[in-house]
Amino acid sequence: MVDHPRPSGCNALADDADRNRMLAEMAEQSTDMISRHTPEEWRFIYVSPAVTHLLGYQVEEIIGTSAYDLYHPDDVEDFKRRARSVNYNRGLYTHTYRFRCKDGHYTWLESTSRTIRDNSTGKIQEILVVSRDVTHRILAEEQLQKYREDIEHAGRLITMGELASGLAHELNQPLAAMVNFLRGVERRFAGQQDIRWEEIELPITRSINTALRAGDIIHRMMDFTRRQGPVVTTLDIAAIVEEMCEFCESTAERDNVAIKRCIASDLPAVTGDKIQLEQVLLNLLINGIEASRENAGDGPPQVAVEVAEFDQNNMVVHVKDQGKGIAAGDLERIFERFYSTKSGGLGMGLAISRSLVETLGGELWAENVTPSGACFSFTLNKAR
């Protein structure tokens, strides 16, 4: 082995100078914008020529300008507070934000920055930043998110369409009850000049309560089908499961299927979007009802919904039907888009449901159970 001689002091200095010169030449030629900033106000000390094609400024125009003056107002506080949009990894900060160009419009930049400190005092001397234009990537991500929301909204409309006949029945019941209450008042008091409140209080109160119940059903339908982006909050999973079971009761009764709840008491809260979680539950409940109604056994078949703790960080929801189960080759394919084992099925419901659950950090899977039927299970993160 040959030992290479260590460079002398003069040679080492020459190497450093050559290296710095090459780095400076690379910075001048790079299409990424390289800049140096003061610690407090982030004023430009140096900026590479790429600033012209990225932002439209000449180098001499932007030197001395504070970067905070060019941030989009909605992004500058995120950066100052090191919000979630600012990632830190081994001394490097990466931040995606909007920056004002010379012509006044904002462009999306992604910057990686590092502080340079005085070796003896530890005081920050300046900040080095490398920035690139990520506008096309951000616009593509926004378009993809809009596409996902459109698909999820279409899925909710399809689900509501499948529930339509059951909901019509559910709405017809309170309307018929109100007509009965009011006709009773009409028959008893028609033609009377003096009516005491005590005599009509009960039917009037019942009519009001029944009308409110019909209104609740309509509001629930409107909430479920409206178009909106996800809103992740802390949710009472037991209450949502109960609401969705009640929502499907009339459909289940029509198909002679019973819905059974197996929900433990004092369950911890979960995190998620309420509408998306309802969409997943509705899809699984409807599938379970449709699968179970074909059961020719004794007594009405059941769809059982169980909520329990899965592990330290997750809850699990099981929706178990008493249908004929799923063919082994279909257990994974049923989650593919446009693949359905149902006659006339679009093959979207389970694909959307798995996507929604995975977006919330959980998993959705299916398995067959004995003596017959299938069980769909999904996990949700516990609220912290």
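Predicted model: local features only at pLDDT ≥ 70, side-chain atom pairs only at ≥ 80, totals over all residues.
Local features need pLDDT of at least 70 and side-chain atom pairs count only at pLDDT 80 or more, while totals for chains, interfaces and linings use all residues. Residues are numbered from 1 along each chain as its sequence is written, and side-chain values use heavy atoms, with hydrogens and water left out.

**Overall make-up**

- The protein has nine helices and 13 strands; these are DSSP runs numbered from the N terminus, with helices (H or I) of at least four residues and strands (E) of at least two.
- Of the 384 residues in the protein, 36% are buried. Buried means under 20% relative accessible area, exposed means over 50%, and partly exposed is in between (1.4 Å probe, protein chains only).
- The accessible surface is about 22,600 Å², and carbon and sulfur atoms account for 51% of that surface. Accessible areas come from the Shrake-Rupley method with a 1.4 Å probe, and for residues only the protein chains shown count as cover.
- Among contacts between residues at least 6 apart in sequence, 59% join residues at least 24 apart; a contact means heavy atoms within 4.5 Å.

**Nonpolar cores**

- A nonpolar core is a set of buried Ala, Val, Leu, Ile, Met, Phe, Trp, Tyr and Cys residues joined through side-chain atoms within 4.5 Å.
- The largest such core has 43 residues, and the members that touch the most others are Ile237, Leu277, Leu281, Leu284, Val317, Phe376 and Phe378.
- At least two residues of this core come from each of helices H5 (135–189), H7 (237–254), H8 (274–292) and H9 (349–359), and from each of strands S10 (302–309), S11 (314–320), S12 (364–368) and S13 (374–381).
- Helix H7 gives the largest share of this core, eight residues.
- Another core, of 21 residues, lies apart from the largest one, and Val47, Ala67, Leu70 and Phe99 are among its members.
- In soluble globular proteins, nonpolar side chains tend to be buried together.

**Phe378 and Thr379**

- With neighbours within four places in sequence left aside, Phe378 is in contact with Leu277, Val280, Leu281, Leu284, Met315, Val316, Val317, Val357, Glu363, Leu364 and Trp365.
- Thr379 lies in strand S13 and is buried, at 5% relative accessibility.
- With neighbours within four places in sequence left aside, the contacts of Thr379 are Phe310, Asn314, Met315, Val316, Val357, Gly362, Glu363 and Trp365.

**Helix H4**

- Helix H4 spans residues 73–80, and its buried residues are Asp75, Val76 and Phe79.
- Seen down the axis of H4, these buried residues fall within an arc of 105°, so they line one face of the helix. The arc is that of the directions from the helix axis to the C-beta atoms.
- Pro73 and Asp74 are exposed on the other side of H4.
- An α-helix has 3.6 residues a turn, so residues three or four places apart point the same way.

**Salt bridges**

- There are 17 salt bridges, each being a side-chain nitrogen of Lys or Arg within 4 Å of a carboxyl oxygen of Asp or Glu.
- Glu243 and Lys274 form a salt bridge at 3.6 Å, N to O. This pair links distant parts of the chain, with Glu243 in helix H7 and Lys274 in helix H8, 31 residues apart.
- Glu243 is partly exposed at 30% relative accessibility, and Lys274 is partly exposed at 34%.
- Arg43 pairs with Glu41 in a salt bridge, their closest N and O atoms being 2.8 Å apart. Arg43 is partly exposed at 31%, and Glu41 is partly exposed at 42%.
- Arg333 forms a salt bridge with Glu336, with the closest N and O atoms 3.4 Å apart.

**Cysteines**

- The structure holds zero disulfides, a disulfide being a pair of cysteine sulfur atoms within 2.5 Å.
- For Cys248, the nearest cysteine sulfur is that of Cys245, 7.2 Å away. Cys248 is buried, with a relative accessible area of 0%.
- The sulfur of Cys262 is too far for a bond, because the closest cysteine sulfur, in Cys245, is 9.7 Å away. Cys262 is partly exposed, with a relative accessible area of 29%.
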